[in-house]
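Have the sequence and the 3D view ready, and look up each residue as we get to it.

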Amino acid sequence: MVRETVTVSPRTLKWKCIESRADSKRLYYGRFILSPLMKGQADTIGIAMRRALLGEIEGTCITRVKSENVPHEYATITGIQESVHEILMNLKEIVFRSTLYGTSEASICVRGPGYVTAQDIILPPCVEIVDNIQHIASLTEPINLSIELEIERNRGYLIKMPHNVQEGSYPINAVFMPVRNVNHSIHSYGNGNQQQEILFLEIWTNGSLTPKEALHEASRNLIDLFIPFLHQEEENLPFEENHHTVLLSPFTFYDQFDKLKKKNKKIALKSIFIDQCELCPRVYNYLKRSNIYTLLDLFNNSHEDLMKIEHFRREDVKKILGSLEKHFAIDLPNNQF
């Protein structure tokens with residue numbers, strides 16, 4: 001069992017690992033407690049830790065596969081039992097443990113007949129495979145299988161885009177989250193003002209790190225996020241001036257769109273949402289569906305970009321301009337339309 005203490009006057013918080021097991025090479029489980037906490041603190045910590053464990057920890061995945069003489073993702077290759085799509089799905093399931101920074105290259109060079117497994121992957125020194133027997137393909141004839149792999153360390157999800165598909169190169173949807181699931185529960189004890197709580201955390205990982213390692217990393221990430229608030233004075237971020245001049249440049253509604261005024265003050269574009277523009281519901285919904293949420297998002301789209309939105313009309317652009325003039329004192333000429 002693991003026990004560490006943190007002294008917080010007048011209480012001493014203690015955390016402890018009360019259960020730890022490896023159900024398989026790709027499924028680890030850990031159960032932890034933290035106490036004593038004041039009423040309400042367990043829920044505050046539990047929610048934050050769950051979000052950090054699921055979203056703030058980096059993982060390593062295969063994100064692209066390259067192979068010559070493969071016409072498309074759903075093709076079949078003579079001498080290989082699986083289709084190309086099935087091979088890509090098998091590669092997606094491989095779990096890596098790494099200290100990789102960014103992306104790196106790996107490869108598979110095998111001659112059949114025989115089974116191709118994860119142990120056949122030639123990896124860079126900073127990457128290792130959690131489960132070497134993970135199946136990739138079955139070669140039924142004496143043929144050569146040569147595949148190049150791109151391995152990336154990141155966090156969250158990576159969704160492949162259609163424009164990223166090239167002949168012989170196939171991006172793979174990647175789930176970089178090494179923590180599979182997190183549960184937190186609370187046990188209360190005591191009466192009245194003396195009521196205290198115990199936080200229970202259950203963590204499941206994919207084997208690329210232990211639940212204890214995941215707990216430590218998530219805690220460090222949370223601390224890093226809150227450190228700026230510990231500064232005695234807030235920093236004067238230059239975002240208004242710099243973003244005003246740099247990010248507005250793609251906005252090409254007008255040849256001379258270089259001055260935004262609101263009572264003679266520069267507008268903090270990222271902090272003004274389009275729902276403040278009092279647009280009609282139809283225009284508002286079209287913008288939201290196109291991931292345009294703020295004035296900054298809007299100004300990074302040209303007139304031509306907006307007209308590419310499905311069902312968007314010339315009159316809709318004029319309505320947007322009229323709203324900007326009315327609500328934000330932006331003097332924009334209409335002669336361009």
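## Before we start

This is a predicted model, so to speak a computed one: local features need pLDDT of at least 70, side-chain atom pairs count only at pLDDT 80 or more, and totals for chains, interfaces and linings use all residues. Residues are numbered from 1 along each chain as its sequence is written, and side-chain values use heavy atoms, with hydrogens and water left out.

Rolling a probe the size of a water molecule over the atoms shows where empty space is left. On a 1 Å grid over the protein atoms alone, a cavity is a set of points where a 1.4 Å probe fits but cannot get out, and lining residues have an atom within 4 Å of a point. Points are joined across faces, edges and corners, and a volume is the space filled by probe spheres set on them.

How many cavities of 30 Å³ or more does the whole structure have? The search finds two, and the largest cavity holds about 90 Å³ of space. Its lining includes V65, S67, L145 and Y170. Helix α2 (84-92) gives the largest share, three residues. (Helices are DSSP runs of H or I with at least four residues, strands are E runs with at least two, and both are numbered from the N terminus.) By type, the lining has nine nonpolar residues, one polar and no charged. Here Ala, Val, Leu, Ile, Met, Phe, Trp, Tyr, Cys and Pro count as nonpolar, Asp, Glu, Lys and Arg as charged, and the others, Gly among them, as polar.

## An open pocket

A pocket is an open set of points with protein on both sides within 12 Å along at least five of seven lines. Of its 21 lining residues, K92, V95, V175, M177 and N206 are the closest to the centre. Strand β4 gives the most to this lining, with four residues. The lining divides into twelve nonpolar, five polar and four charged residues.

## Salt bridges

A salt bridge here is a side-chain nitrogen of Lys or Arg within 4 Å of a carboxyl oxygen of Asp or Glu. The whole structure has six. One of them pairs R21 with D23 (2.8 Å, N to O).

Another joins D131 and R26 (3.6 Å, N to O). D131 sits in the loop between β9 and β10 and R26 in the loop between β2 and β3, so this pair ties together parts that are 105 residues apart in sequence. Is D131 buried or exposed? D131 counts as buried, at 10% relative accessibility, while R26 is partly exposed at 23%. (Buried means under 20% relative accessible area, exposed over 50%, partly exposed in between, with a 1.4 Å probe and protein chains only.)

## Two cis bonds

Most residues other than glycine have a negative phi, and most peptide bonds are trans. Now look at the bond from S35 to P36: it is cis, with omega near -10°. P36 lies in strand β3. A cis bond also joins G112 and P113, with omega about 0°, and P113 lies in the loop between β6 and β7.

## One more residue

Finally, find E217 in helix α3. E217 is buried at 17% relative accessibility, and its C-alpha atom is 8.9 Å from that of A52, 165 residues away along the chain.
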